[in-house]
Protein chains: 2
Amino acid sequence: MPRPLLILVLLVTHVAHAGDPAVQAAREWRKTQGTSILEEFVEYLALPNVAADLPAIEKNAAYMAVELEKRGVQVEIWQHEAVTPVVYGRLDAPGATRTLGFYLHYDGQPVDPTQWSSSPWTPTLYDGSIEDGARRISFPAANESIDSDWRIYARSAGDDKAPFTAILAALDALQHAGVTRTSNLVFFFEGEEEAGSVHLGDYMRQHRKQLKVDGWLIMDGPVHQSRRPQLVFGVRGYTGMDITVYGATRYLHSGHYGNWAPNPAQMLAQLLASMKNSNGDILVSGYFDSVNPLGDPEREALGRLPDTDADLRRELGLQQTEGSGASLAERLLLPSLNIRGMESARVGSAARNIIPVRAEASLDMRLVAGNNPSDMMALVEAHIREQGFHIVRVEPNNATRLKHPKIAKVIRQHGYPAARTPLDSEFARQVISATRRVTGEELVILPAAGGSLPLYLFNDILKAPVIMVPIANHDDNQHAPDENLRLANLWYGIDLLAGLFTMQE
Amino acid sequence: MPRPLLILVLLVTHVAHAGDPAVQAAREWRKTQGTSILEEFVEYLALPNVAADLPAIEKNAAYMAVELEKRGVQVEIWQHEAVTPVVYGRLDAPGATRTLGFYLHYDGQPVDPTQWSSSPWTPTLYDGSIEDGARRISFPAANESIDSDWRIYARSAGDDKAPFTAILAALDALQHAGVTRTSNLVFFFEGEEEAGSVHLGDYMRQHRKQLKVDGWLIMDGPVHQSRRPQLVFGVRGYTGMDITVYGATRYLHSGHYGNWAPNPAQMLAQLLASMKNSNGDILVSGYFDSVNPLGDPEREALGRLPDTDADLRRELGLQQTEGSGASLAERLLLPSLNIRGMESARVGSAARNIIPVRAEASLDMRLVAGNNPSDMMALVEAHIREQGFHIVRVEPNNATRLKHPKIAKVIRQHGYPAARTPLDSEFARQVISATRRVTGEELVILPAAGGSLPLYLFNDILKAPVIMVPIANHDDNQHAPDENLRLANLWYGIDLLAGLFTMQE
């Protein structure tokens, strides 16, 4: 009977700081009310929520408004014309001087139902992970015991509806136990994150005053792959460029012109090779100059991260990694320069004996705190010029071609900067401390994630720090078929929110 | 009236050595019999001749046999089972001690009739080049004057049926004028050159004795782009390889793993960049060691070639060329190493933010006299190993990946060596001299062409030297829609063959 044993382990883990009244209240509540919490979650997950389906999205917003109002939250639905609405809520605490903002998104990725084991918007319970051979089971009746290793399968179960249900349950738990919140709460729930958050900045600019808080908690993404709870204090920014290098104006026979007419694939290879040494170190001059150096707390946090590099290397078939043995976590705190695609004529059986007319590469650049997207692109362009290329923005005409030996068309992509909240800031200190009340030493503190999100908007427009407080399991198949949430992660979310709602100054 | 003027120019050019009885006989013949020569050419061109269409090919062979037999040639049709036949002919000359072999191919490239101005196997006459706005005209009646700037449009008009019609006309002309041939003639006409000459070697091996000649004249390809007649004394050999470089076993998110997990596009760029310097000089160790040095006559011939490089550069939009300013003709006398295709993931709007799992390049190598294909590939592989790559021949498994930091799968293509006949050899001297009787100083002597043909088979199996004696116009659209032959080039072919049939020892 392995399952009861697992529950036991989780209980031991989570019991660490159970002496705290808020955390105790949350645990008591989900133990006695687990079945109805699941019922609420299922009701919410059953609402289709692809951002492009505006009527469906509006039903989600209306549902959320009703549920928040039941808990005494003052709710507004903001909706710019023909755009997915924002669900805004405010719940003050008597005498509180601090206001915390909670962000989540209630839209989900589009689905291909044929790829799913059950219908994406018919939440379905399994006694574990489908990939591990779990069986479908019935939802428990009231007072039946609930195994926290069970999983609910539905679109957005992990990304990003679980935090909403956890917020409701945490409010209920504190209310029921009579535990007082220590902060005013602002809720800011977006409906088009999976469609690119196109209007997020507009909503922020128009509602600056209502969104004025002391710090934002971004409830999105998964916890650490070791299953340990995780706080993430930054994300990388993003930019990129498409580079096209030119040969002759028409395909040339490689026998009749080979090694006389310049080969653009060769020129592009030389250009790309010049950008890094054989260790993968970026050679673009000044590329690291604007990086905000890490503080001691960040260095210390890095040293305490679980070391999963060797496992990852084995899993990915990598005998070595870039960066002279630096850890993955260290590498993610530096700006990157990555060839995401490269193409010139055709390869394999489609190849012909020609000199290609052009060679293209697409680069993406992940930016860290301190890096400005257009400055970073300018550095790469300066490097391209140093390699003897004349940079153009449109296809070169014959006059341009005859004037310059090497021509690169560079098309910049849109970009945005990184966001990072220093670990020794007041807000970070408070959030870490509140989370530890729930997790103890289990907590993984990540100075910044490798991926990119436009969290800089919270810094730039709303002038407040951001910290990501994920609750979903790392193997929740987010964006993919069979998305799911492990119940242990929903329970953790409730505990965590109870802790955050009562966090000390 | 520009057209008569043009005829005049051509007559002046070709009259240079009209004192020679054979050349005089050819000119007289085509002047009086031009209409019937065209009729014969049209009849032959009207026969569809794609190698894959065996019944059609057999009709071509039968037609050729009948026409040759009319001229007293002893003809055999060789046909291995279900393979395109070879038309073989022999015509001895009384007392001759030398035997000349004439090779041509009677099959043509497949067609897309929708791309043609007229049906590919309905020979059609135009008063010039269609690209220059020429008009379609009727074929001339007997005794009507014929403009040598007219063009016949049909598949294989230039590549490679014109030489056959020229051979027939030259035999007729000499016969009519009572001029004696000085060599025995062997005709060896192939029906699957455009399909890769797959059985050419087999036919040679099986008929070595009948194919024993003192030298082969390869009647294929175009004359110089200046329109000057041309002899070509060699072709390059060919080989190549496909290289695949590996990253992780699955696509990785460029934010979560970028600049930690090695990028195969970056590794491939570095490998390819290492093969050449920025001038395009090949850096593979030993790549030029086996090249047979050029003799003085070859150097002299190079110096006398028309210089078309500047025009070509302008036409192709090239501000500079590889090889530190060396001429195209010089570069074609060296082995080449060309990236004919390169690919890793996707570019442009199809690009995604990933680290690619693999990067591929396809290389072709043109070989010159002295280069052995597998030795040359071994040199490139040694270079790849020097860059730290472990070479595999199949997809690497995980154990292999975990053992080697850099892995390249190298798949060698088939290859064959170059063929070159020294300009100071007896055969070369005789052919140059015979051709000059027709062309005078107009003759362009090319030590070797840049393209590749398996002419080494004539050297290796038949143990005889080869010289290419092209007659078609350079702008004959060979392999393409609207293939054509300029009549001046058919006339030149008849003159040339009359000269070769009567060439001095």
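Trainee: A salt bridge is a side-chain nitrogen of Lys or Arg within 4 Å of a carboxyl oxygen of Asp or Glu. How many salt bridges does the structure hold over all chains?

Mentor: There are 50 salt bridges over all chains. Please note that this is a predicted model, in which local features need pLDDT of at least 70 and side-chain atom pairs count only at pLDDT 80 or more, while totals for chains, interfaces and linings use all residues. Residues are numbered from 1 along each chain as its sequence is written, chains are lettered from A and ligands numbered from 1 in the order in which they are written, and side-chain values use heavy atoms, with hydrogens and water left out.

Trainee: Which side chain does R71(A) meet in a salt bridge?

Mentor: Its partner is E40(A), at 3.1 Å from N to O. The pair links distant parts of the chain, 31 residues apart: R71(A) is in the loop between α3 (54–70) and β1 (74–78) of chain A, and E40(A) is in helix α2 (residues 21–45) of chain A. Helices (H or I, at least four residues) and strands (E, at least two) are DSSP runs, numbered from the N terminus.

Trainee: Is R71(A) buried or exposed?

Mentor: R71(A) counts as buried at 15% relative accessibility, whereas E40(A) is partly exposed at 21%. Buried means under 20% relative accessible area, exposed over 50%, and partly exposed in between (1.4 Å probe, protein chains only).

Trainee: Which residue of chain B meets E315(A) in a salt bridge?

Mentor: That residue is R250(B), at 2.8 Å from N to O. The pair joins two chains, because E315(A) lies in helix α9 (residues 309–316) of chain A and R250(B) in the loop between β11 (237–246) and β12 (252–253) of chain B. Both count as partly exposed, E315(A) at 47% relative accessibility and R250(B) at 37%.

Trainee: And what about D202(B), which residue does that one pair with?

Mentor: D202(B) forms a salt bridge with R205(B), and their closest N and O atoms are 3.6 Å apart. The two are separated by about one helical turn, because they sit 3 residues apart in helix α5 (residues 200–206) of chain B. Elsewhere, salt bridges that share partners join E40(A), E67(A), K70(A), R71(A) and D172(A) into one network.

Trainee: Last one: where is T421(A) placed?

Mentor: T421(A) is in the loop between β18 (419–420) and α13 (426–439) of chain A. T421(A) is buried, with a relative accessible area of 2%. Leaving aside neighbours within four places in sequence, T421(A) is in contact with F233(A), E298(A), A428(A), P465(A), V466(A) and I467(A).

Conventions: Contact means heavy atoms within 4.5 Å.
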